[in-house]
Each structure stands twice: as structure tokens, then as C-alpha cells.
Amino acid sequence: MTPNEFKTYLRRDEYCWHCGLQDETLIPQHRQNRGMGSVKSRNRPSNIIVFCSAFNQAVESSASDAALAKDYGWKISGHDNPLFVPLWDAVKQDWFFLDDEFGKFVMYKQ
């Protein structure tokens, strides 16, 4: 991912989906793992979100954080289509869908 591409994700997401952090530690996270060989079709806007590096590392190393990420749609199965799996925005306290044009849409109004 180029720096310009990442800036587009930052404009859409604004902060870490988990904690709301807005600093230089923000990094891209694939919701659906790319797997061996880095599957190119998974490099699409609906499949990439922004996490702080601390939570990104926690998701990869802690079973409880990985389970939380799955419950909130931040990590999804290889069989799921990220266009149809909502994800929880911890800051806005609402569920969203992402599209492949860098859109972010509220799942429903509470």
C-alpha cells in the first residue's frame, strides 16, 4: 500500500476502529487475512480498516483480542464478503458497512 492509498483510508476512518486513537501509530489492517501469497483481491477498501499499532499487534497475538475483533467485524473469515459484514465503530457506538469506493455507511439508526 502506498502512502497516498493509506491517506485515503485515514480520511474515511479518521481513527482506530477499536480505541479512537488519532496519531502516527495508525496502520492498515485487513479484515479478511490475505493468506499465503498475499491474495490481491483482498486489497480492497471494504476489506481494509485502520487500527492503532497496539491493537493491531494485540489482534495478532491475543486470542481474546482476536475474538473481540471477530465479534465486531474487524476481522472476518476467508469465506465472508466484507461488503456484507458490518463492523462496530467504537467511537461512534454504531455499526457500519464499508464499500469499495471508500464509503462508510451506518448499518441502521439506533
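**Labels and their grounds**

Q: Where is Glu-60 found?
A: Glu-60 is found in helix H2. The model is a predicted one.

Q: Why is Glu-60 called exposed?
A: The relative accessible area of Glu-60 is 52%. Exposed means over 50%, so Glu-60 is exposed.

Q: Which residues does Glu-60 contact, leaving aside its neighbours within four places in sequence?
A: With those neighbours left aside, Glu-60 is in contact with Gln-29 and Lys-75. Asn-81 is 21 residues from Glu-60 in sequence, and their C-alpha atoms are 21 Å apart in space.

Q: What makes H2 and H3 roughly perpendicular?
A: Helix H2 covers residues 53-61 and helix H3 residues 63-71; they pack at an angle of about 105°, with their axes 6 Å apart. Angles of 65 to 115 degrees count as roughly perpendicular, so H2 and H3 get that label.

Q: Which residues of H2 and H3 meet?
A: From H2 come Phe-55, Ala-58, Val-59 and Ser-61, and from H3 come Ala-63, Asp-65, Ala-66, Leu-68 and Ala-69. By class, this contact of H2 with H3 has seven nonpolar residues, one polar and one charged.

Q: How many aromatic pairs does the structure hold?
A: The structure holds nine aromatic pairs.

Q: Why is the pair of Phe-51 and Phe-55 called edge-to-face?
A: The ring centres of Phe-51 and Phe-55 are 5.0 Å apart and their planes stand at 90°. Centres within 6.5 Å make a pair, and planes over 60 degrees apart count as edge-to-face, so Phe-51 and Phe-55 form an edge-to-face pair.

Q: How do you know whether Phe-51 and Phe-55 are buried or exposed?
A: Phe-51 has a relative accessible area of 0%, and Phe-55 has 4% relative accessibility. Buried means under 20%, so both residues count as buried.

Q: Which residues form one aromatic cluster?
A: Phe-51 and Phe-55 form one aromatic cluster with Tyr-72, Trp-74, Trp-88 and Trp-95.

Q: What makes Lys-104 a charge that sits over the ring of Trp-17?
A: The charged end of Lys-104 is 4.5 Å from the centre of the Trp-17 ring. The distance cut-off is within 6 Å, together with a direction within 35 degrees of the ring normal. The distance meets its cut-off, and Lys-104 is listed as sitting over the ring. Lys-104 also lies over the face of Phe-96, at 4.9 Å from the ring centre.

Q: Why is Arg-12 counted as buried?
A: Arg-12 has 7% relative accessibility. Since buried means under 20%, Arg-12 is therefore buried. The place of Arg-12 is in helix H1.

Q: Which residues are in contact with Arg-12, leaving aside its neighbours within four places in sequence?
A: They are Pro-45, Ile-48, Ile-49, Leu-98, Phe-102, Gly-103 and Lys-104. Between Arg-12 and Pro-45 there are 33 residues of sequence separation and 9.7 Å in space, C-alpha to C-alpha.

Q: What makes Ile-48 buried?
A: Ile-48, in strand E2 (residues 48-52), has a relative accessible area of 1%. Buried means under 20%, so Ile-48 is buried. Not counting residues up to four places away in sequence, Ile-48 touches Met-1, Tyr-9, Arg-12, Asp-13, Pro-28, Gln-29, His-30, Arg-42, Asn-43 and Leu-98.

Q: Why is Glu-14 called partly exposed?
A: The relative accessible area of Glu-14 is 40%. Glu-14 is placed in the loop between helix H1 (3-13) and strand E1 (26-30). Its phi is near 70°, a positive value in a residue other than glycine.

Key
Residues are numbered from 1 along each chain as its sequence is written. This is a predicted model: local features need pLDDT of at least 70, side-chain atom pairs count only at pLDDT 80 or more; totals for chains, interfaces and linings use all residues. Side-chain values use heavy atoms; hydrogens and water are left out. Rings of Phe, Tyr and Trp (its six-membered ring) pair if their centres lie within 6.5 Å; planes under 30 degrees apart count as stacked, over 60 as edge-to-face and the rest as tilted. Buried means under 20% relative accessible area, exposed over 50%, partly exposed in between (1.4 Å probe, protein chains only). Axes are lines fitted to C-alpha atoms, for helices over the stretch in contact, and angles run from 0 to 180 degrees between N-to-C directions. Helices (H or I, at least four residues) and strands (E, at least two) are DSSP runs, numbered from the N terminus. Angles under 35 degrees count as roughly parallel, over 145 as roughly antiparallel, 65 to 115 as roughly perpendicular and the rest as oblique. Contact means heavy atoms within 4.5 Å. Ala, Val, Leu, Ile, Met, Phe, Trp, Tyr, Cys and Pro count as nonpolar, Asp, Glu, Lys and Arg as charged, and the others, Gly among them, as polar.
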